[in-house]
Amino acid sequence: MNTFPDKSAIQYSEGTLKTIKRRASRHHTVTDVVLVPFDSKVGTTYYCDYTAQHTAVSSSCLPEEKIAPYRNQSVRIGWYQKSDVLWFHNPHPQLVSLEVDGEVIRSYEYSLKIAKDRIGIGDIIVYGFITIGWGIVYVCVSIIGRRSLKEYRKQSKINEV
């Protein structure tokens, strides 16, 4: 259902690395990776959800202490756009790799490992919701069907008399 792209499908962008700190939950702050292209003042924020559902906590790519030394430096980011799965939509570009002056800070292989873990959990959640949804539909139809059958039999007895 959810797949991680091959290396050949990864897109690359270059620019200056910036970061944004944001509160992901009541007690948790994350640092987002922002790439500002050399010919622009507006940056793009990259996330590391790797599933079709964007979550504030799991979307952080690198801890503050790991990314801080590279802030304001020229970087190359490998990324892809996640496709929709059922009713889930993740519009954010997903960071796959990060390089600074040829030094790999985050590799494709490392992102693939994380993605496989998250994709597995995401699939379980989606399949769980589908199963629960069909279960609710089945129970509702059964209840309505029994009530309708009971009412039909009641009406049939009245009409026979």
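Predicted model: local features only at pLDDT ≥ 70, side-chain atom pairs only at ≥ 80, totals over all residues.
Local features need pLDDT of at least 70, side-chain atom pairs count only at pLDDT 80 or more, and totals for chains, interfaces and linings use all residues. Residues are numbered from 1 along each chain as its sequence is written, and side-chain values use heavy atoms, without hydrogens and water.

**Exercise 1.** State which elements the chain has, and their order.

Solution. The chain has two helices and six strands. From the N terminus, they run β-β-β-α-β-β-β-α.

**Exercise 2.** Decide whether Ser-111 is buried or exposed, and list what Ser-111 touches.

Solution. Locate Ser-111 in helix H2 (residues 108–160). Apply the cut-offs: buried is under 20% relative accessible area, exposed over 50%, partly exposed in between (1.4 Å probe, protein chains only). Ser-111 has 0%, so Ser-111 is buried. Now take contacts, meaning heavy atoms within 4.5 Å. Leaving out residues up to four places away in sequence, Ser-111 touches Phe-4, Tyr-50, Leu-95, Val-96 and Arg-106.

**Exercise 3.** Find the aromatic cluster that holds Phe-4.

Solution. Rings of Phe, Tyr and Trp (its six-membered ring) pair if their centres lie within 6.5 Å; planes under 30 degrees apart are stacked, over 60 edge-to-face, the rest tilted. The count is three aromatic pairs. Phe-4 and Tyr-80 pair edge-to-face, at 5.4 Å and 75°. They sit 76 residues apart. Both are buried. Phe-4 and Tyr-108 lie 5.5 Å apart with planes at 55°, so this pair is tilted. Phe-4, Tyr-80 and Tyr-108 form one cluster.

How values were computed:
Helix = DSSP H or I, 4+ residues; strand = E, 2+ residues; numbered from the N terminus.
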